[in-house]
Amino acid sequence: MKKIFITGGAGFIGSAFIHQILEESSDIEVINFDALTYAGNPENLKGLDETRHKFVKGDICDKDAVLNALPADAEAVFNFAAESHVDRSITSASEFVTTNVLGTQVLLDAARARNVKRFVHISTDEVMGSLPDESNLYFTELSPLKPNSPYAASKAAAEHFVRAARETFGLDTVITRCGNNYGPRQFPEKLIPLMIANAMNDEALPVYGDGRNVRDWIYVEDHARAIWLAFERGKSGEVYNIGARNEQFNIDVVKAILDLLGKPHSLIKFVADRLGHDRRYAIEAEKSETELGWKPQTDWEDGLRKTIRWYQENQDWVERIRNGAYRDYYKKMYGASLK
Ligand code: NAD
Ligand code: TYD
């Protein structure tokens, strides 16, 4: 059995990755190390082959806990664990610095101490900042790092430490930078699941600013597949952009969700813009396509339909979150603007 160590595997993308690799291979054993913050959900791990999935509750900033859980000579560390929501980073950035920067450094040190063969760091296109409206410019692996939100700044800082571990100590590292993911089990603070959940409950859909910000959307399983290929085929020290060439205006995403649910556009409510709101993300993924032999398999219409169906069939999953601590966050974040 090949042992791989995954952090943040109870979250949205990490859990999709674990489901996929355990389904598609029989010689892999996963250690899933996750602190179960508000975003981590053990329900996301239902249905996994328990003989090849070991869950360890722990914080990536806790050096001893990481060293205890990380087996010597593991094939890889996949670092998904992070504080991941831009709006929360605007309210309070320090948790982002702690987990995303310090936590990554703790993992890098532990990976060296345990002779891990490869460190795969899951980063984001947001480290490259914002592109001008409707231009022909795209993010490439050579784009400068120009993060604008505290979240993006913490992810950019983490990348620097990953690079430094390779240059200084020769740790074998690969970084992936993906665009906006959507799909099952995404926490309903993010655009698509928030809009689906609100629309299903006939509640207002809060669109920031003029709704003309652009995001480059990718179905989560396509991202997961790219990460695995970056591990298997990526060159040490390289960065790989991952994107499905699927730029959408926010307002069009929201309207598409309402149309698929058969709900009226009158539910849309334009609210105050996010501070420092990045205008456009667009990814040139040619390097991943040619060097990794990766291509997305799910198109936007299909992916959105599948995602909506999952939320319709798992309303208890959504409701359990909406009835918990999330309710206070939602009130604080949107309360005044949706009155
Ligand atoms: P998520 O917020 O759904 O999940 C994060 C997971 O990390 C949770 O299970 C949480 O419990 C865990 N975690 C948080 N702090 C931790 C800590 N200190 N120690 C251990 N575990 C901790 O996030 P996601 O959307 O699944 O994103 C996963 C990764 O992918 C992140 O690194 C994010 O920056 C990156 N990413 C996300 C997107 C996206 O669209 N969601 C796009 C590109 C990159
Ligand atoms: P989000 O899902 O938070 O991802 P990110 O900020 O990392 O791209 O937001 C996606 C886009 O949707 C972004 O332009 C902000 C916008 N947005 C809204 O208009 N309303 C909302 O309630 C949320 C959460 C996001």
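Helix H3 (86-91), helix H6 (191-200) and strand S8 (205-208) each contribute at least two residues to the shell around ligand 2. Helices (H or I, at least four residues) and strands (E, at least two) are DSSP runs, numbered from the N terminus. The model is predicted: local features need pLDDT of at least 70, side-chain atom pairs count only at pLDDT 80 or more, and totals for chains, interfaces and linings use all residues. Residues are numbered from 1 along each chain as its sequence is written, chains are lettered from A and ligands numbered from 1 in the order in which they are written, and side-chain values use heavy atoms, with hydrogens and water left out.

The shell around ligand 2 holds 20 residues, and Glu 126, Arg 215, Arg 274, His 277 and Tyr 334 come nearest. A residue is near a molecule if one of its heavy atoms lies within 4 Å of it. By class, this shell has 9 nonpolar, 5 polar and 6 charged residues. Here Ala, Val, Leu, Ile, Met, Phe, Trp, Tyr, Cys and Pro count as nonpolar, Asp, Glu, Lys and Arg as charged, and the others, Gly among them, as polar. Both domain 1 and domain 2 supply at least three residues of the shell around ligand 2.

Several polar contacts (pairs of N or O atoms within 3.5 Å) involve ligand 2. An oxygen atom of ligand 2 lies 2.7 Å from a polar side-chain atom of His 277. For Tyr 334, an N or O atom in the side chain is 2.7 Å from an oxygen atom of ligand 2. Pro 206 takes part through its backbone: an N or O atom there is 2.8 Å from a nitrogen atom of ligand 2. On its own, ligand 2 has 510 Å² of accessible area, and the protein covers 98% of this. Accessible areas come from the Shrake-Rupley method with a 1.4 Å probe; for residues, only the protein chains shown count as cover.

Helix H6 is largely enclosed by the rest of the structure, because 9 of its 10 residues are buried. Buried means under 20% relative accessible area, exposed over 50%, and partly exposed in between (1.4 Å probe, protein chains only). The buried residues of H6 include Ile 192, Leu 194, Asn 198 and Met 200. Just after H6, Asp 202 adopts a positive phi of about 55°.

Ligand 1 is surrounded by 28 residues, with Ile 13, Asp 34, Ser 84, Tyr 151 and Lys 155 the closest. Its shell divides into 13 nonpolar, 12 polar and 3 charged residues. Backbone atoms make several of the polar contacts. A polar backbone atom of Ile 13 is 2.7 Å from an oxygen atom of ligand 1. A polar backbone atom of Ile 60 lies 2.9 Å from a nitrogen atom of ligand 1. The distance from a backbone N or O atom of Gly 40 to an oxygen atom of ligand 1 is 3.5 Å. The protein covers 96% of the 840 Å² of accessible area that ligand 1 has on its own. Helix H1 (12-24), strand S5 (118-124), helix H5 (150-169) and strand S7 (180-182) each give two or more residues to the shell around ligand 1. S5 provides the largest share, 3 residues.

The domain assignment gives domain 1 (2-181 + 217-242) and domain 2 (183-215 + 246-276 + 299-329). Such bounds come from an automatic or database domain assignment. Taken over C-alpha atoms, the domain centres are 25 Å apart. The contact between domain 1 and domain 2 takes 24 residues from domain 1 and 29 residues from domain 2. Contact means heavy atoms within 4.5 Å.

Asn 44 sits in the loop between strand S2 (28-34) and S3. Asn 44 is buried, with a relative accessible area of 2%. Beyond its neighbours within four places in sequence, Asn 44 is in contact with Ala 10, Gly 11, Ser 15, His 19, Arg 185 and Trp 317.

Cys 61 occupies the loop between strand S3 (53-57) and helix H2 (63-69). At a relative accessible area of 21%, Cys 61 is partly exposed. Its contacts, leaving aside neighbours within four places in sequence, are Thr 98, Thr 99, Gly 103 and Val 106.

Arg 225 belongs to helix H7 (residues 220-233). Its relative accessibility is 17%, so Arg 225 counts as buried. With neighbours within four places in sequence set aside, Arg 225 is in contact with Gln 20, Glu 24, Trp 294 and Gln 297.

Terms used: Polar contact = N/O pair within 3.5 Å; in protein donor to acceptor, adjacent residues only side chain to side chain.
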